[in-house]
Amino acid sequence: MVKIAVFVGSLRRESVNKSLAKNVERLSPEDVEFDYIDMDLPLYNQDLDGDLPSSVTEMKRKVEAADGVLFVTPEYNRSFSGVMKNAIDWASRPWGENSFSGKPAAIVGASMGALGTTQAQQALRNVALFLDMRLMGQPELYFNAVTGLDENGKVVEGSEDFLRRFAEAFAKHVENNGQ
Ligand SMILES: Cc1cc2nc3c(=O)[nH]c(=O)nc-3n(C[C@H](O)[C@H](O)[C@H](O)COP(=O)(O)O)c2cc1C
């Protein structure tokens with residue numbers, strides 16, 4: 001069993017990134033299990049580093065128990081969302097207890113435009129590398145939700161193979177411990 005901690009950077013009920021995550025989960029090999037992180041966390045406050053909120057402790061435990069991490073990010077003003085940054089900041093702390101250290105990881109994202117989160121993903125790559133994650137370089141997945149999802153949030157037939165190829169490559173990346 002390959003366990004993936006999944007960070008979806010949107011709290012929106014009808015989030016297209018949540019839909020993208022669900023589609024990648026559905027198209028992943030059978031032995032891959034997605035564990036969705038509850039992103040509705042308090043705002044990061046360094047005063048609490050010695051006494052973490054229970055929701056944060058639980059989130060850090062989930063990440064540490066996972067074999068890999070998948071970031072599914074919206075693009076907000078040409079970067080990734082504050083919701084995503086907040087969760088990452090918590091998971092990276094307290095100093096010396098970075099839950100992401102050495103984890104195999106990948107970044108994907110969906111937006112309503114043709115550029116489909118290119119800049120959000122690039123900004124997030126910088127953070128993930130700093131946090132010592134083993135990022136998968138290829139294949140990349142920039143998803144246009146307008147043309148790529150049907151009214152039920154299911155990926156359109158023409159895009160399924162592409163998502164399946166990504167999901168299979170990511171499962172291998174995690175099984176190989178990001179080597
Ligand atoms: C504050 C804000 C900034 C945004 N900036 C961008 C952007 O820079 N690039 C982009 O492609 N879409 C941008 N969008 C549109 C999002 O791609 C769109 O709202 C998308 O549905 C967000 O993902 P979600 O459905 O998972 O919440 C922005 C949306 C918001 C709310």
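Predicted model: local features only at pLDDT ≥ 70, side-chain atom pairs only at ≥ 80, totals over all residues.
Residues are numbered from 1 along each chain as its sequence is written, and side-chain values use heavy atoms, without hydrogens and water.

Helices (H or I, at least four residues) and strands (E, at least two) are DSSP runs, numbered from the N terminus. Strand S4 covers residues 104-111, and eight of its eight residues are buried, meaning under 20% relative accessible area, where exposed is over 50% and partly exposed in between (1.4 Å probe, protein chains only). Pro 104, Ala 106, Val 108 and Ala 110 point one way from S4, and Ala 105, Ile 107, Gly 109 and Ser 111 the other way.

Two strands pair if DSSP finds at least two bridges between them. S4 runs parallel to strand S3 (residues 68-72), joined by four bridges, with Val 72 opposite Val 108. S4 also pairs in the parallel sense with strand S6 (residues 142-144) over three bridges, where Asn 144 is the bridge partner of Ser 111.

The structure holds eight salt bridges, each a side-chain nitrogen of Lys or Arg within 4 Å of a carboxyl oxygen of Asp or Glu. In one of them, the closest N and O atoms of Arg 26 and Glu 160 are 3.0 Å apart. Arg 26 lies in helix H1 (residues 16-26) and Glu 160 in helix H6 (residues 157-175), 134 residues apart. Arg 26 is partly exposed at 40% relative accessibility, whereas Glu 160 is buried at 15%.
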